[in-house]
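The structure comes before the notes.

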Amino acid sequence: MINQLIEVALQCPYCWEDITLLVDGSIETQEYIEDCEVCCRPIDFSVEVDDDGLAQVQARLQHE
């Protein structure tokens, strides 16, 4: 899975609009913050990539 980008479609936990996320498939476990491409609010992402290259993504509201 070296240098493989995985496209994941999900909903923003703030505005509920559909958004697209590109996940680096070469990293098995990831956590990071990225702004929603629609409402620009920060989203906490947790990503798990399995051996088959499938990404499980959780999107949560960012807690201050």
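Two strands pair if DSSP finds at least two bridges between them. Strands (E, at least two residues) and helices (H or I, at least four) are DSSP runs, numbered from the N terminus. This is a predicted model, in which local features need pLDDT of at least 70 and side-chain atom pairs count only at pLDDT 80 or more, while totals for chains, interfaces and linings use all residues. Residues are numbered from 1 along each chain as its sequence is written, and side-chain values use heavy atoms, with hydrogens and water left out.

**Strands β1 and β2**
- Strand β1 (residues 5–11) and strand β2 (residues 18–24) pair in the antiparallel sense over 7 bridges.
- Gln-11 stands opposite Asp-18 in β2.
- The two strands form a hairpin with 6 residues between them, and Trp-16 in the turn has a positive phi of about 65°.
- In a regular strand the side chains alternate between the two faces of the sheet.
- The covered face of β1 holds Ile-6, Val-8 and Leu-10, whereas Leu-5, Glu-7, Ala-9 and Gln-11 are on the uncovered face.

**Gln-30**
- Gln-30 lies in strand β3 (residues 29–35).
- Its relative accessible area is 12%, so Gln-30 is buried (under 20%; exposed is over 50%, partly exposed in between; 1.4 Å probe, protein chains only).
- The Gln-30 side chain reaches the backbone oxygen of Asp-24 at 3.0 Å.
- Beyond four places in sequence, Gln-30 has contacts (heavy atoms within 4.5 Å) that include Val-23, Phe-45 and Val-49.

**Cysteines**
- With a disulfide defined as a pair of cysteine sulfur atoms within 2.5 Å, the count is 0.
- Cys-12 is in no disulfide, and the nearest cysteine sulfur, that of Cys-36, is 3.7 Å away.
- Cys-12 is buried at 0% relative accessibility, and Cys-36 is buried at 3%.

Note on methods
Polar contact = N/O pair within 3.5 Å; in protein donor to acceptor, adjacent residues only side chain to side chain.
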